[in-house]
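Open the model in your viewer and keep the selection panel at hand. This tour goes stop by stop.

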Amino acid sequence: MIVKRISDESFGDLGVIEFANLSFVCQRAYWITNFVQGNSRGNHAHKTLTQFVIVLSGSVTFELFRGKAREVVVLTANDGGILIHPGTWRKFYSHISSSVVMVLCNQEYREEDYIRKWDEYQDWFSINYES
Ligand code: T46
């Protein structure tokens with residue numbers, strides 16, 4: 001388990017990630033706030049980036065695709081996070097604009113690592129994972 005939560009009836013909850021428990025060396029952290037209702041974020045894949053995603057507040061729905069295979073994960077602040085492996089197309093949204101997502105990743109930001117077109121992703125995925 002990567003996220004440990006410590007609940008205290010008198011003072012509230014505390015969550016902790018020991019970096020030694022991550023499967024990668026964390027090189028970057030970013031967070032997402034102010035979810036705009038009716039719009040989804042993501043809608044891309046990364047060729048090499050690995051990320052650990054946690055929801056700090058609210059509730060966020062993640063749609064994860066490996067090629068055309070789809071998995072839906074709903075995360076709240078009470079859950080552990082999800083590891084998103086390279087080659088995964090992701091789309092995510094929240095019905096609560098104040099939701100907060102925190103992401104830890106194994107690389108610096110590089111736009112060249114993104115695949116932002118669905119058809120291009122499907123071609124890339126079948127060459128890299130299905131042949
Ligand atoms: C993912 C989810 C959870 C930067 O300049 N530096 C950065 O470190 C990042 C992450 C983004 N940006 C710029 C690039 C774009 O112009 O910020 C803009 C929005 O970035 P992006 O399209 O990556 O944002 P999201 O919220 O759609 O997706 C991000 C991650 O990229 C994605 O891999 O899993 O958050």
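**Stop 1: the cavity**

The largest cavity holds about 40 Å³ of space. Keep in mind that this is a predicted model. Searching the whole structure turns up 1 cavity of 30 Å³ or more.

Which residues line the largest cavity? Select Arg28, His46, Leu49, Gln107, Glu108, Tyr109, Arg110, Asp113 and Tyr114. Color them by class: the lining has 4 charged, 3 nonpolar and 2 polar residues.

**Stop 2: the ligand**

Now select the ligand. It is surrounded by 14 residues. The closest are Arg28, Gly42, His46, Arg90 and Tyr114. Keep His46 selected from the previous stop, as it also lines the largest cavity.

- His46: a polar side-chain atom sits 2.6 Å from a ligand oxygen.
- His44: a side-chain N or O atom is 3.1 Å from an oxygen atom of the ligand.
- Arg116: a polar side-chain atom lies 3.3 Å from a ligand oxygen.

**Stop 3: Leu64**

Select residues 59–66 to show strand E6, then pick out Leu64 within it. Is Leu64 buried or exposed? Leu64 is buried, because its relative accessible area is 10%, under the 20% cut-off.

Show its contacts beyond four places in sequence. Leu64 touches Ala69, Arg70, Glu71, Val73, Ile82, Ile84, Thr88, Trp89 and Arg90. Arg90 links back to the previous stop, being among the residues closest to the ligand.

Last, draw a C-alpha to C-alpha line from Leu64 to Ser131. The two are 21 Å apart in space and 67 residues apart in sequence.

Terms used. Residues are numbered from 1 along each chain as its sequence is written. This is a predicted model: local features need pLDDT of at least 70, side-chain atom pairs count only at pLDDT 80 or more; totals for chains, interfaces and linings use all residues. Side-chain values use heavy atoms; hydrogens and water are left out. Helices (H or I, at least four residues) and strands (E, at least two) are DSSP runs, numbered from the N terminus. Buried means under 20% relative accessible area, exposed over 50%, partly exposed in between (1.4 Å probe, protein chains only). Contact means heavy atoms within 4.5 Å. On a 1 Å grid over the protein atoms alone, a cavity is a set of points where a 1.4 Å probe fits but cannot get out, and a pocket is an open set with protein on both sides within 12 Å along at least five of seven lines; lining residues have an atom within 4 Å of a point. Grid points are joined across faces, edges and corners, and a volume is the space filled by probe spheres set on the points. Ala, Val, Leu, Ile, Met, Phe, Trp, Tyr, Cys and Pro count as nonpolar, Asp, Glu, Lys and Arg as charged, and the others, Gly among them, as polar. A residue is near a molecule or strand if one of its heavy atoms lies within 4 Å of it. A polar contact is a pair of N or O atoms within 3.5 Å; within protein, one must be able to donate a hydrogen and the other to accept it, and residues adjacent in sequence count only if both atoms are side-chain atoms.
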